[in-house]
Structure formats: C-alpha cells, structure tokens
Amino acid sequence: MPEYQLYCFAQSGNAYRAALMLNLIGADWKPIFVDFFKGGETRTPHYRAEINEMGEVPVLAHGGRMLSQSGVILTYLAKRSGKFKPQGEDEELEALRWIIFDNQKVNGFLGPFRFLKNFVRPAGDPTVLAFLKGRIDGNLAILDKRLGKAPFVLGDRPTIADISFCGYLYYPAEEFGFDIAAEHKNIGSWLNRMKALPGWAHPYDLMPGHPLKL
Ligand SMILES: N[C@@H](CCC(=O)N[C@@H](CS)C(=O)NCC(=O)O)C(=O)O
C-alpha cells in the first residue's frame with residue numbers, strides 16, 4: 001500500500017494543492033476517489049464520522065493520521081520532506097499569511113465561482129457570480145503585483161505558498177469564462193515556472209473523476 005492516500009476528486013482545486021505537493025516531492029501516494037457530485041459523499045454520515053467531520057476534501061491519510069485543510073497538509077508534507085519548506089520563523093509566518101489569503105480570497109472565491117458556473121443546474125444567480133468575479137479580479141491583482149516583485153510568492157524559490165495558490169489556476173479558461181494567465185501577466189509567467197518543476201501534473205491527470213458526467 002502506498003505511504004500516503006489522498007481523498008480527492010479531479011474537479012477540486014483545493015485537493016489539487018495536496019495532490020500537486022505529493023507529486024512534486026516524489027511521495028509514494030495514491031488518490032482515493034470521493035464521489036462529491038453524484039453521490040454527495042462528503043455529506044454522508046460515514047464520511048463525516050470516519051473521514052472528515054468538516055465534510056471536505058482534501059484529506060490526507062498517513063499512518064494513523066487523517067489530515068484535512070490543504071494548508072495543514074502542505075505544512076505537514078513540507079516538514080516531513082524538507083521540500084518547499086519556508087525557512088525560519090519569518091518565512092513560516094509569511095507563508096501562512098499568503099496561504100490564508102489564498103484560501104479565503106483567491107482560490108476561496110474561484111472555487112465557488114467555477115462551481116456555480118459549471119456544475120449546478122440551473123447555473124448560479126448572475127448577481128452572486130458578479131459579486132464573486134469582482135472579488136476574484138481584485139484579489140488576483142494583489143497576487144499579480146506580488147509576483148511582479150519576485151519569481152515566487154516568498155522570493156527566489158518556490159514554497160508551499162506557491163503550491164497553495166496553484167489551486168484552481170490550471171483549470172481551463174472556458175470553465176471560468178475568463179483567462180487568468182492572459183489577464184494577469186505576472187501570474188501567467190509564474191504558472192509557467194511552477195509547471196516546469198519536476199513532478200508537475202495537471203489536476204485532471206493527477207486526480208480521478210475527469211471528465212465529469214453529471
Ligand atoms: N480550506 C479548505 C477548503 C476545502 C473545500 O472547500 N473543499 C471542497 C471541495 S473543492 C469541499 O469538499 N466541499 C464540500 C462542501 O462544502 O460540502 C482546504 O483548503 O482544504
């Protein structure tokens with residue numbers, strides 16, 4: 001049995017952060033498919049009792065541990081592998097600062113926006129989508145400005161803060177209705193730098209459940 005198991009599904013950018021990290025550090029891992037869309041698996045009593053009381057993916061199973069929250073999983077894997085690890089207290093705090101900003105305001109809005117646009121019928125209320133899009137544009141601009149100052153979020157080398165931001169950013173532009181890499185040039189260049197790292201793979205190739213048959 002592989003050392004790490006990751007509860008995930010292909011459309012989840014939140015889970016992609018953990019899957020990408022596992023691949024980039026060369027971990028021995030396998031995905032465990034969670035049937036979020038058809039089976040509503042994250043809402044079942046079994047999932048909430050045995051896998052994650054928060055009812056979310058990703059969940060990383062390792063030894064006796066069941067870890068959720070991608071930021072926690074990234075921190076755990078960085079500590080264990082020594083890779084993509086912030087060095088020293090200042091960098092650790094800086095990484096955490098950007099990971100929380102990402103979870104709440106960048107991928108934290110991109111995920112629900114893409115979900116409402118693609119995966120629910122009827123599609124989400126235009127007012128809600130417009131609100132989310134406004135927040136997304138403003139927050140991507142903040143990331144873009146940051147990436148104009150250095151090649152990676154914390155400076156010259158990639159850390160878990162960069163891996164967190166990858167969340168939804170490699171999914172096809174058609175799924176959003178706008179092209180993030182084209183509209184935000186520094187983010188576009190940074191996405192290419194991340195893509196060049198050994199072990200990088202697209203979310204649809206790394207996690208099970210694509211294409212989605214609704
Ligand atoms: N902050 C969390 C977000 C996790 C999350 O929202 N996952 C979604 C899938 S993309 C989920 O499982 N949602 C289930 C639900 O909200 O019912 C993380 O980064 O792990």
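## Briefing: sheet, helices and ligand shell

Strands β1 (residues 4-8) and β3 (residues 59-62) run antiparallel to each other and are joined by four bridges. This is a predicted model, and the pair belongs to an open, mixed sheet of four strands ordered β2-β1-β3-β4. Helix α1 lies across part of that sheet, helices α4 and α5 pack against each other, and eleven positions, among them Ser12 and Gly111, are worth a look around the ligand.

**The sheet**

- The edges are held by β2 (29-33) and β4 (65-68), each of which pairs on one side only.
- On average, neighbouring strands are turned by 25° against each other, with direction ignored.

**The β3-β4 hairpin**

- Strands β3 and β4 run antiparallel and are joined by four bridges.
- Two residues lie between these strands, and in this hairpin glycine 63 takes a positive phi near 60°.

**Helices**

- Helix α1 (residues 13-24) lies across β1, β2 and β3, and runs at about 155° to β1.
- Helices α4 (residues 88-119) and α5 (residues 126-147) pack at an angle of about 145°, and their axes are 9 Å apart.
- The crossing of α4 past α5 is left-handed.
- From α4, the contact draws on Lys105, Val106, Phe109, Leu110, Pro112, Phe113, Leu116 and Lys117.
- From α5, the contact draws on Val128, Leu129, Leu132, Lys133, Arg135, Ile136, Asn139, Leu140 and Leu143.
- Sorted by class, this contact has 12 nonpolar residues, one polar residue and four charged residues.

**Around the ligand**

- The ligand is surrounded by Ser12, Asn14, Thr42, Gly55, Glu56, Val57, Pro58, Gln69, Ser70, Asn103 and Gly111.
- By class, the shell divides into eight polar residues, two nonpolar and one charged.
- Asn14 of the shell falls within the residue range of α1 (13-24), while Asn103 and Gly111 fall within that of α4 (88-119).

Key. Residues are numbered from 1 along each chain as its sequence is written. This is a predicted model: local features need pLDDT of at least 70, side-chain atom pairs count only at pLDDT 80 or more; totals for chains, interfaces and linings use all residues. A residue is near a molecule or strand if its C-beta atom, placed from the backbone, lies within 6 Å of it. Ala, Val, Leu, Ile, Met, Phe, Trp, Tyr, Cys and Pro count as nonpolar, Asp, Glu, Lys and Arg as charged, and the others, Gly among them, as polar. Two strands pair if DSSP finds at least two bridges between them. Axes are lines fitted to C-alpha atoms, for helices over the stretch in contact, and angles run from 0 to 180 degrees between N-to-C directions. Two residues are in contact if their C-beta atoms, placed from the backbone, lie within 7 Å. A crossing is left-handed if the near helix is turned anticlockwise from the far one by less than a right angle, and right-handed if clockwise.
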